[in-house]
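Have a look at the model first, then read on.

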Amino acid sequence: MSIEKLRQLAGLDLPFNANDDDEIDELRVLMAAGLIAGLTLRVPAGVDGGPDRAARVIRVLAITPEGRRLLQRSGADPGVSSTH
């Protein structure tokens, strides 16, 4: 699990969409750990002249309270509070 990825997400305006396969895998780990809330989306094949296979997208909706606590404990971002 990547605390660094969680730090990056804390600095972004959410929701955030990711479609890179490596980033999607990392976000799925954070979702499975309960540190972020998100949706796994599938974009139909052939949309916008895309390839024949469907594309995967993860939309990160929020960092969970547990994710914020982890950031605070790790000292990753002293500006992150559990009220966000």
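How close do the axes of α1 and α3 come, and at what angle do they cross? They come within 11 Å and cross at roughly 110 degrees. Axes here are lines fitted to C-alpha atoms, for helices over the stretch in contact, with angles from 0 to 180 degrees between N-to-C directions.

Before going further, some ground rules. This is a predicted model, where local features need pLDDT of at least 70 and side-chain atom pairs count only at pLDDT 80 or more, while totals for chains, interfaces and linings use all residues. Residues are numbered from 1 along each chain as its sequence is written, and side-chain values use heavy atoms, with hydrogens and water left out. Helices (H or I, at least four residues) and strands (E, at least two) are DSSP runs, numbered from the N terminus.

Now the sheet. It's an open one of 3 strands in the order β1-β3-β2, with antiparallel pairing (two strands pair if DSSP finds at least two bridges between them). β1 and β2 are the edge strands, each pairing on one side only. From one strand to the next, the twist averages 25 degrees. Between β2 and β3 there are 8 bridges in the antiparallel sense, and Gly 38 sits opposite Val 60 of β3.

| Pair | Axes come within | Crossing angle |
|---|---|---|
| α1 and α2 | 10 Å | roughly 95 degrees |
| α1 and α3 | 11 Å | roughly 110 degrees |

With 65 to 115 degrees counting as roughly perpendicular, α1 and α2 are therefore roughly perpendicular to each other. Lys 5, Leu 6 and Leu 9 of α1 make that contact with Glu 23, Glu 26, Leu 27 and Leu 30 of α2. α1 and α3 are therefore roughly perpendicular too. There, Ile 3, Leu 6, Arg 7 and Ala 10 in α1 meet Gly 67, Leu 70, Leu 71 and Ser 74 in α3.

Technical notes. Parallel < 35°, antiparallel > 145°, perpendicular 65-115°, else oblique. Contact = heavy atoms within 4.5 Å.
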